Amino acid sequence: MRKDVRILLVGEPKVGKTSLIMSLVSEEFPDEVPLRAEEITIPADVTPERVPTHIVDYSEAEQSDEQLYQEISKANVICIVYSVNNKKSIEKVTSHWIPLINDRTDKDSRVPLILVGNKSDLVEHSSMETILPIMNQYQDIETCVECSAKNLKNISELFYYAQKAVLHPTGPLYCPEEKELKPSCIKSLTRIFKVSDLDNDGILNDNELNFFQRTCFNTPLAPQALEDVKNVVRRNMTDGVKDNGLSLKGFLFLHTLFIQRGRHETTWTVLRRFGYDDDLELTQEYLFPMIKMPPDCTTELNHNAYLFLQSVFDKHDKDRDCALSPEEVKDLFKVFPYMPWGPDVNHTVCTNEKGWITYQGYLSQWTLTTYLDVQRSLEYLGYLGYSIICEQESQAAAITVTRNKRIDLQKKQTQRSVFRCNVLGARGSGKSGFLQAFLGKNLQGQRRIREDHKSFYAISTTYVYGQEKYLLLHEVMPDFDFLSEADLACDVVCLVYDINNPRSFEYCAKVYKQYFIDSKTPCVVIAAKSDLHEVRQHYSLSPHEFCRKHKLHPPQPFTCSTTEAPNKDIYTRLTTMAMYPHMAQADLKNSTFWLRASVGATVFAVLGFAMYRALLKQR
């Protein structure tokens with residue numbers, strides 16, 4: 001909402017502009033009225049909307065046209081004052097003041113106008129009959145108030161309406177000619193309805209309505225009040241209430257009714273609670289809350305964020321198959337202004353046999369986004385209404401910033417859950433195959449991936465000593481001379497070569513010697529395509545000799561040319577090395593170290609899926 005409100009009073013001389021301001025301030029009619037009142041500021045704590053309000057007077061006798069134009073450009077709302085007993089001052093509203101103001105304001109952001117009929121104490125009749133046609137002719141006119149500076153009639157109301165016209169404008173919400181909500185308002189309220197529909201059945205039941213009411217207005221509705229609301233909708237439309245709950249049509253009808261009855265603030269309270277600004281756009285503050293990111297730290301989702309994302313998954317997994325079909329994904333992202341996931345996501349995370357993203361794959365993609373681009377993750381959580389549903393100040397509450405990696409190395413332990421493995425190798429060495437194998441795709445499955453759907457990332461869970469961790473594989477493009485800091489920043493490195501290509505290992509050896517020989521990042525050499533015939537490498541040392549010389553583990557044979565899903569032991573090893581870099585070199589030769597880690601992985605992978613199935617049955 002606005003930080004302050006600036007109200008400008010204009011009108012013909014002697015209509016009582018200055019008297020209105022002085023009567024408001026002193027709460028009595030002034031004996032002597034100056035030509036113009038000084039600008040006054042009413043503090044926030046004495047205004048109904050708790051917003052500082054500046055009231056500015058205009059005097060033709062004291063001010064030039066240029067000064068008037070400047071005040072018009074600065075005003076948030078303009079009160080055009082006329083005298084109810086002076087026909088000429090009424091005529092000047094349309095012949096002079098409205099055209100003048102429109103000429104001086106941008107067409108797309110017209111300032112709201114309020115018509116003020118002063119001196120109502122001098123007449124017995126109302127000027128409304130004359131004013132109503134003017135109000136119907138000009139959309140910018142918010143309302144008309146008849147008042148008396150002398151009798152103090154409607155003075156406070158006048159300035160309240162002026163304040164309300166700025167803070168709760170009708171313009172963005174409602175089209176008076178059509179007597180219906182504007183498309184942008186319908187779009188915003190539809191997102192709010194979908195976020196509030198916690199079970200995604202297209203109806204707001206009593207519990208959901210109460211949660212919505214408490215979220216927006218800090219108070220639940222009494223059972224009778226709930227029934228009264230539903231009865232109002234029932235009386236006015238046939239399908240506004242379904243299964244004793246409010247449908248989207250009913251929800252939109254209620255807001256139309258609020259606006260038609262002059263209760264714009266109700267709809268604006270809802271819109272602002274869900275992050276919208278005066279132009280019905282989600283604010284930058286709502287979508288991108290501040291989050292401190294010290295160097296050498298990473299970002300992860302915390303436990304509450306995963307619980308929230310699980311509830312979002314459950315709400316959209318209509319057929320309860322633990323995967324999201326393309327239609328279910330589309331439904332999930334209806335609250336977004338664009339589709340955030342492209343076809344590459346299906347080759348970044350685990351999918352089922354139909355190619356649909358599984359529950360594990362869904363959480364993996366969220367984990368990847370949070371790790372690589374936390375601002376985007378915050379934005380996405382904002383669209384889903386995380387802070388509202390989880391009753392948090394902002395979606396920054398969903399993020400854990402891990403401690404500096406240097407401290408992890410010093411303490412020889414880590415609290416992180418996501419580990420990055422950069423995969424380097426010459427072109428054609430098998431890097432992409434290595435990434436896809438992690439997602440359970442063998443060579444035959446990989447051949448079906450379209451070129452424009454390929455991904456340079458793969459992420460899934462592994463289990464190390466019974467702890468579930470995420471391993472994020474990143475295929476680095478083999479441009480040897482231009483490896484950036486991002487290409488090198490990781491927890492473990494995979495150097496991949498093709499055993500069937502004599503020139504393949506040379507790239508790995510050069511990269512290791514130039515970038516990793518003195519680093520503390522553990523490195524593993526992968527002998528890819530191990531199902532093929534091994535040829536002698538055109539390098540001064542064989543891969544085995546090179547590894548022995550540099551105290552690296554011997555090359556790890558790997559192939560994805562299998563009938564079943566490729567073996568995943570290597571990925572557990574990589575995660576373990578990332579978690580315990582200080583042990584990586586010392587324990588590489590110790591086969592029991594790896595055996596304990598990988599046996600734990602198998603047991604917990606089975607247990608994890610079984611537990612999810614059990615939870616799903618309970619729900």
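**Notes on the predicted model**

1. Taken over C-alpha atoms, the centres of domain 1 and domain 3 are separated by 50 Å. This is a predicted model, and the protein is divided into domain 1 (5-167), domain 2 (180-281), domain 3 (292-402), domain 4 (412-579) and domain 5 (591-618).

2. An open sheet is formed by six strands with mixed pairing, and their order is 2-3-1-4-5-6. Its edge strands, strand 2 (40-42) and strand 6 (141-146), each pair on one side only, and neighbouring strands of the sheet are turned against each other by 20° on average, with direction ignored.

3. At one edge of this sheet, strand 6 pairs with strand 5 (residues 113-118) in the parallel sense, over five bridges. Within this region, Leu-115 stands opposite Cys-144 in strand 6. Helix 4 (residues 128-137) packs on the sheet, where it touches strand 4, strand 5 and strand 6, and its direction makes about 170° with that of strand 6.

4. Helix 1 (residues 17-26) lies across strand 1 (5-11), strand 2, strand 3 (53-57), strand 4 (77-83) and strand 5, and it runs at about 145° to strand 3.

5. Another open sheet is formed by three strands in the order 9-11-10, and here the pairing is antiparallel. Strand 9 (203-204) and strand 10 (241-242) stand at the edges with a single partner strand each, so one side of each is left without a neighbour in the sheet. Strand 10 is joined by two bridges to strand 11 (residues 245-247), the two running antiparallel, and the bridge partner of Val-241 in strand 11 is Leu-246. Helix 9 (residues 248-260) packs on this sheet and touches strand 9 and strand 11, with its direction at about 80° to that of strand 11.

6. Helix 17 (405-411), helix 23 (569-579) and helix 24 (581-587) each supply at least two residues of its lining, and the largest share, three residues, comes from helix 17.

7. Which kinds of residue make up the lining of the largest cavity: nonpolar, polar or charged? The lining residues divide into five nonpolar, three polar and four charged; among them are Lys-405, Asp-408, Leu-409, Arg-416, Phe-419, Met-579, Pro-581 and His-582.

Note on methods. Residues are numbered from 1 along each chain as its sequence is written. This is a predicted model: local features need pLDDT of at least 70, side-chain atom pairs count only at pLDDT 80 or more; totals for chains, interfaces and linings use all residues. Side-chain values use heavy atoms; hydrogens and water are left out. Domain bounds come from an automatic or database domain assignment. On a 1 Å grid over the protein atoms alone, a cavity is a set of points where a 1.4 Å probe fits but cannot get out, and a pocket is an open set with protein on both sides within 12 Å along at least five of seven lines; lining residues have an atom within 4 Å of a point. Helices (H or I, at least four residues) and strands (E, at least two) are DSSP runs, numbered from the N terminus. Ala, Val, Leu, Ile, Met, Phe, Trp, Tyr, Cys and Pro count as nonpolar, Asp, Glu, Lys and Arg as charged, and the others, Gly among them, as polar. Two strands pair if DSSP finds at least two bridges between them. Axes are lines fitted to C-alpha atoms, for helices over the stretch in contact, and angles run from 0 to 180 degrees between N-to-C directions. Contact means heavy atoms within 4.5 Å.
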